[in-house]
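Hi,

Here is the structure I said I would pass on. My notes follow below it.

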Amino acid sequence: MNTFLQLVVNGLGKGAVFALLALGFVIIFKATEVVNFAHGSLVLFGGYLVVVTRESLGWAGASLVGIVSAGLLALLLERFLLSRSRHADANSLALLTIGVDVIITEEIVRRLGVTLPFLGDAWDAQPFQIGGITLFRTHLVALLVAAVLITAFTLAFKYSNWGVAMRAQAENREAAALMGIRSSRVTATAWLVAGVLAGVAVLFIATQDFSGAGLSRGTHSIALAAFPAAILGGLDSTAGAVVGGLVVGLVEALSAQYVSFDFSKSAVFLVMLVVLVVRPSGLFGTRESTRV
């Protein structure tokens, strides 16, 4: 029983990180109807900036630089690439993000070389026990940070001018434009927020507790595991992104323990496929994910 409870808590901690990443996918999709396959490279970019500035700025300062830089890179991608291709269809723009992802990822991996730096200095590799259950500080901090950020986003999405504008644009882009909503501003902010969330997520991914490996190509692969979470919850549902992320974290943790570690990577996609067969729009989505 203790093992099961430990897996659930740690799985929820991992799921919280996947939820942040899945939320980034969903925010961009709601604003643009484009699936951003460059999300993994935003994670790597933020982590790389932490690595190169940590010695001079300290961990906290470097982490802030990494988070802000990931957000700004996402904004630059939207401003200088996607906004200039606004007449292209969503599938073409999705393919464009794949090309961007390959370029950024390969350059960062080249710069890292053989070094695999860990980033979670403040919480990594500091397990503790409660009632015979071993808990990892990284997962608990991830749960707390994700709860704060997701709550802040939910409040902004419901009550701020940007949130109202984004919901109106997601519902009917043409009608929103006629009402005076500036589509470019909504879209730019969506990309900025998604990039910031990616910058936060990498501080937990590149740790011994989460992945067992430092910042590397594997970090990029882990980040893309959030895509099934977004699909599972529904690409147009922010609540679905959160639920999908938690489900992915739990499925990975439980299947790795009770089946095998290798199967745990496939189990996430198996659950996603089962959900899509039953409900093509995802658990909370209103539009079919298969159209993307």
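Start at glycine 234: this residue follows helix 9 and has a positive phi, near 115°. The model is predicted, so local features need pLDDT of at least 70 and side-chain atom pairs count only at pLDDT 80 or more, while totals for chains, interfaces and linings use all residues. Residues are numbered from 1 along each chain as its sequence is written, and side-chain values use heavy atoms, with hydrogens and water left out.

Helix 9 itself spans residues 226-233. Helices here are DSSP runs (H or I, at least four residues), numbered from the N terminus. Helix 9 is largely enclosed by the rest of the structure, because 7 of its 8 residues are buried. Buried means under 20% relative accessible area, with a 1.4 Å probe and protein chains only. Among the buried residues are Pro228, Ile231 and Leu232. The buried residues pack against helix 1, helix 8, helix 10 (238-258) and helix 11 (261-278).

Now the rings. The whole structure holds 7 aromatic pairs (ring centres of Phe, Tyr or Trp, the last by its six-membered ring, within 6.5 Å; planes under 30 degrees apart are stacked, over 60 edge-to-face, the rest tilted). Phenylalanine 18 and phenylalanine 210 pair edge-to-face, at 5.8 Å centre to centre and 65° between the planes. They are 192 residues apart: phenylalanine 18 is in helix 1 (residues 2-32), phenylalanine 210 in the loop between helix 7 (183-205) and helix 8 (217-224). Phenylalanine 18 counts as buried at 2% relative accessibility, and phenylalanine 210 at 6%. Separately, Phe25, Phe37 and Phe227 make up one aromatic cluster.

Best wishes

How values were computed: Helices (H or I, at least four residues) and strands (E, at least two) are DSSP runs, numbered from the N terminus. Buried means under 20% relative accessible area, exposed over 50%, partly exposed in between (1.4 Å probe, protein chains only). Contact means heavy atoms within 4.5 Å.
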